[in-house]
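Notebook open. I want to go through this model one chain at a time and jot down what I look up.

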Amino acid sequence: MNGKDIRKLVIACDAGMGSSVMLAGQLRKALRKQDVAVEHTPVDAIPADADVVVCHTGLAARARRGAGGTPVIPFEVYLGDPAVDRLVKAIKDGGEVDA
Amino acid sequence: MATTYTPEPAGSGIRANIQRLGGRMAAMVMPNIGAFIAWGLITALFIPTGWLPNKELGELVDPMIKFLLPLLIGYTGGRMVHGQRGAVVGAVATVGIVVGAEVPMFLGAMITGPLAAYLLRLFDGLVQDRVRTGFEMLVDNFSAGIVGAAMAVAGNRVIGPVMNTFTEWAGDGVGWLVDHDLLPLTSLLIEPAKVLFLNNAVNHGVLGPLGVQEAAQHGKSVLFMLESNPGPGLGVLLAYWFFGPRRLRPSVPAAAVIHFFGGIHEIYFPYILMKPRMMLAAMAGGVTGVAIFVATGAGLVATPSPGSIFAYLAQTPRGAGNWVGVYTGLVASAAVSFGVGAALLGFGKLAESDPEDGDPAAGEGEGAAEESAADKSATKESTDEQTGPQEPADGAARETTAH
């Protein structure tokens, strides 16, 4: 899908209370000027209206199972991961989001 | 794709299942951590050996742990299964096992709450299309009331006694480990489990409930510190900062701050996943810390969640010996993890000889495979690989520490 079409970005972690909140804060700042809602949830409770899901590779298998057809973007490190940076860039400038 | 650092670990099916089960248990506890902390603070303050002993306020301790906390777990468990209606019957059913129980019924609440909610969900699904117009509220309220009442009775008579036995076994098991000085060895399981994102499952699903029981009897428990000790993770991160691959170093200080002060342990997991033998450093630190905690008889009053140094300070009970034990163990675990981690990273020599994260000393298949994978991706997206991770890592680091 195209990054410009993303309206709701969901960050999932195990409990939905720790690392996902942290990353959501960072991405909300990065995407402040875009019309994108950034939310955080437990990996087993990904909302159906999410356009794209971001979660750590260690949880990606669970996220994919719960996300239905929603693209899941896995990342490796919590600060400055290239996959997350690519997603932010795709949302800002348009471009394909590969999941 | 972010697979440039590590391949997705094998066997994720089983791991995902364990994660899911443990995650569900943790998901019933974690939203209620505030209540656990409130209980911990009240206990630390008002019990006879507390900071401000007070008989009347001390009476809060027992009902909170025997009723409030299990009821919150049962309520939350029910809500996970069937929304607000599930939450209500979950709480009602939990009362059944709580009343008359000898020990705080956390495990029982984790089963009874969701089970009652599941039964109500089945019933709701069954009658959904058959209720006459105007009778919805009547049916809704009475079905919840009947399921709740039935489950409370069943819980009291059947589930309660069974869970009582289980809880006692689990407690005895931990007691056995303590008596035989084997508790430090649990770190050999706990530290790897953390990194596989089982940290919440281990801490809030297993150790926390057992620890609360112990804390209710003795005013403190070492079980709260087995998983939550931020020392090993800090040691590993510091080892990376000084001796790790050069492209990773800029991101480490911010990660260490988030880990140690913010208590978000997840941030150091990737650093171990990308160099799995660093696991040994975390394990060594964990064993050291627990050994010192046990030897000094240290303990906390409640789960320090998140596992931040600030949460530790808030949950350390009165008594100079206890403070010495907790913080000696914490510092020692960080120091040992740092030492072992630094050695495993060749004290930076490996980073000097090969800036691309290659590791001649490892020599085994794993290291070679990692290296060739890194090479491949490096040629494929060379600009992205070389400049990408470092620059944004630095930027994000500055942004995060600014807060």
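**Ground rules**

I'm working on a predicted model, where local features need pLDDT of at least 70, side-chain atom pairs count only at pLDDT 80 or more, and totals for chains, interfaces and linings use all residues. Residues are numbered from 1 along each chain as its sequence is written, chains are lettered from A and ligands numbered from 1 in the order in which they are written, and side-chain values use heavy atoms, with hydrogens and water left out.

**Chain A, the sheet**

I looked up the strand order and got β2-β1-β3-β4, four strands in an open sheet with parallel pairing. Helices (H or I, at least four residues) and strands (E, at least two) are DSSP runs, numbered from the N terminus, and two strands pair if DSSP finds at least two bridges between them. β2 and β4 (72–75) of chain A stand at the edges with a single partner strand each, so one side of each has no neighbour in the sheet. From one strand to the next, I get an average twist of 25 degrees.

Next I checked β1(A), residues 8–13, where six of six residues are buried (buried is under 20% relative accessible area, exposed over 50%, partly exposed in between, with a 1.4 Å probe and protein chains only). Lys8(A), Val10(A) and Ala12(A) are buried on one side, and Leu9(A), Ile11(A) and Cys13(A) on the other. Six bridges join β1(A) to the parallel strand β2(A), residues 37–42. I looked up two partners in β2(A): Val38(A) for Leu9(A), and Pro42(A) for Cys13(A).

**Chain A, helices on the sheet**

α1(A), residues 19–30, lies across β1, β2, β3 (52–56) and β4 of chain A, and runs at about 175 degrees to β2(A). α3(A), residues 82–93, lies across β1, β3 and β4 of chain A, at about 140 degrees to β4(A). For all such angles, axes are lines fitted to C-alpha atoms, for helices over the stretch in contact, and angles run from 0 to 180 degrees between N-to-C directions.

I picked Ser20(A), which lies in α1 of chain A. Ser20(A) is buried at 1% relative accessibility. Leaving out residues up to four places away in sequence, Ser20(A) touches Ile11(A), Ala12(A), Cys13(A), His40(A) and Thr41(A); contact means heavy atoms within 4.5 Å.

Then Val36(A), in the loop between α1 and β2 of chain A. Val36(A) is buried too, at 14% relative accessible area. Its contacts beyond four places in sequence include Leu9(A), Leu31(A) and Ile91(A). I also checked Val36(A) against Ala61(A): 25 residues apart in sequence, 25 Å apart in space, C-alpha to C-alpha.

**Chain B, overview**

I count 18 helices and zero strands in chain B. Of its 403 residues, 52% are buried. Among contacts between residues at least 6 apart in sequence, 73% join residues at least 24 apart.

**Chain B, two helix pairs**

α4(B) (residues 61–98) and α6(B) (residues 136–179) pack at about 30 degrees, axes 7 Å apart. That makes the two roughly parallel (angles under 35 degrees count as roughly parallel, over 145 as roughly antiparallel, 65 to 115 as roughly perpendicular, the rest as oblique). The contact residues include Val89(B) and Gly96(B) of α4(B), and Gly148(B) and Ala152(B) of α6(B). By class, I get nine nonpolar, seven polar and two charged. Here Ala, Val, Leu, Ile, Met, Phe, Trp, Tyr, Cys and Pro count as nonpolar, Asp, Glu, Lys and Arg as charged, and the others, Gly among them, as polar.

α12(B) (residues 279–296) and α14(B) (residues 320–344) come within 7 Å and cross at roughly 160 degrees, so they are roughly antiparallel. Among the contact residues are Gly285(B) and Gly289(B) of α12(B), and Gly325(B) and Gly329(B) of α14(B). This contact divides into 12 nonpolar, 10 polar and no charged.

The Ser305(B) to Pro306(B) peptide bond is cis, omega near 0 degrees. I find Pro306(B) in the loop between α12 and α13 (309–315) of chain B.

Asp181(B) has a positive phi, near 55 degrees, and sits in the loop between α6 and α7 (187–218) of chain B. Asp181(B) is exposed at 57% relative accessible area. Phe197(B) has a positive phi as well, near 65 degrees, but is found in helix α7 of chain B and is buried at 2%.
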